[in-house]
Amino acid sequence: MTTLLITHPVCLEHLVPRGHPERPDRLRAINQILAAPHFEDLERLEAPRGLRRSVLLAHDEAYVAQIEQAVPAEDLWAIDADTWMSPKTLEAALRGVGAATRAVDAVFHGEAANVFCAMRPPGHHAEQDKAMGFCFFNNAAIAALHAREAHNAERVAVIDFDVHHGNGTQDIFWSDRDLFYASTHQMPLFPGTGEISETGVGNIVNAPLRAGDGSAQFREAMMSIILPALDAFEPDLIVISAGFDAHRDDPLGSLQLTEEDFIWITLRLVELADRHCAGRVVSLLEGGYDLRALATSVGCHVQALMRASDS
């Protein structure tokens, strides 16, 4: 089986104010690097439009209606200082949901060994009833809940290595023992959640890092805290919230990771997926705001997924 790439051009039409870090050029940079010859073996698929009932797996009905009604006919509209909508934002967000659920279907149906979804806006800050931090619908949580509903997955894990804590995924998973969320992230930093003491019902594992921490601290947190907990959880699917803003060149964080760290953690997660869930991994783009660092990091992440699918 191969690695599948899912994306959609409407994600370029989710517009934000000039100078906003979560800009369409992020996806253009990713598209450019994934068009290189060494990615020619990638299977490619255009994201379907996500179903409203899929969104409702993770979000309240009233909240979804609020987002639907907030779409501006023209120009831009701010939900908060960070989170903006344009006329195509809802369509892009729904395609993100469709990419996540289609990716889950692909790995459970044996169409692909693993999947990377290059979509925007991101999702891991979206709580059950709140948009924030550039995010509207929580694609990682929706992917996990879709796996349970559509494929009878008993246990699904989300592993998040974005520089910012995925408060939304934690919020949605908080009381469900069969959903596992683990995160490395810089602290203190937006959104202010992610303390070690935040454990849900024993299904939440936070391993916060400090500004200036790099490969050694990141790998130690993964090896001593997160990966053993994930191994003990024995997931039927691993979903990655793949944020690349922990890179040392990113303007929104102060961690010091490099492309080699993203390769390393990708391969470690694939090893655990091979052990517990027939290699099923779905990776969803979250942050990453230095265009060069984002593009090279995504390229390395996808190459690691491809290497795993070939083995």
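1. D249 is partly exposed, with a relative accessibility of 35%. This is a predicted model, and the value for D249 is computed from it. R292 is likewise assigned to the partly exposed class, at 46% relative accessibility.

2. D249 and R292 form a salt bridge, with 2.7 Å between the closest N and O atoms. D249 sits in the loop between strand 9 (237-242) and helix 8, while R292 belongs to helix 9 (residues 291-310), so the pair ties together parts that are 43 residues apart in sequence. A separate set of salt bridges, linked through shared partners, joins E22, R26 and R120 into one network.

3. A second pair to inspect is D231 with R275, whose side chains meet in a salt bridge at 3.1 Å, N to O. D231 is partly exposed, its relative accessible area being 26%. R275 is exposed, at 52%; the cut-off for that class is over 50%.

4. E111 and R102 make a further salt bridge, and their closest N and O atoms are 2.8 Å apart. Both ends have some accessible area: E111 is partly exposed at 40%, and R102 is partly exposed at 22%.

5. As for charge in general, the protein chain has 24 positive and 44 negative side chains. The centres of these two sets lie 3 Å apart.

6. Is R95 buried or exposed? R95 counts as buried, with a relative accessibility of 18%; the class requires a value under 20%. R95 is placed in helix 4 (residues 89-108). Leaving aside residues up to four places away in sequence, R95 touches H8, V10, A47, P48, R49, G50 and M119. The C-alpha atoms of R95 and R120 are 8.9 Å apart, and the two residues are separated by 25 residues in sequence. R120 is also one of the members of the salt-bridge network with E22 and R26.

7. On the overall fold, the secondary structure of the protein chain consists of 9 helices and 10 strands. The radius of gyration is 17 Å, close to the 19 Å given by the globule rule for 311 residues, so the chain is as compact as a globular protein of that length. The C-alpha trace spans about 50 × 45 × 40 Å along its principal axes.

8. Burial and contacts complete the picture. Of the 311 residues in the protein chain, 60% are buried. When contacts between residues at least 6 apart in sequence are considered, 75% join residues at least 24 apart.

Conventions. Residues are numbered from 1 along each chain as its sequence is written. This is a predicted model: local features need pLDDT of at least 70, side-chain atom pairs count only at pLDDT 80 or more; totals for chains, interfaces and linings use all residues. Side-chain values use heavy atoms; hydrogens and water are left out. Helices (H or I, at least four residues) and strands (E, at least two) are DSSP runs, numbered from the N terminus. The radius of gyration is taken over C-alpha atoms; the globule rule is 2.2 Å times the number of residues to the power 0.38. Buried means under 20% relative accessible area, exposed over 50%, partly exposed in between (1.4 Å probe, protein chains only). Contact means heavy atoms within 4.5 Å. Lys and Arg count as positive and Asp and Glu as negative; His and the chain ends are not counted. The place of a charge is taken as NZ of Lys, CZ of Arg, CG of Asp or CD of Glu. A salt bridge is a side-chain nitrogen of Lys or Arg within 4 Å of a carboxyl oxygen of Asp or Glu.
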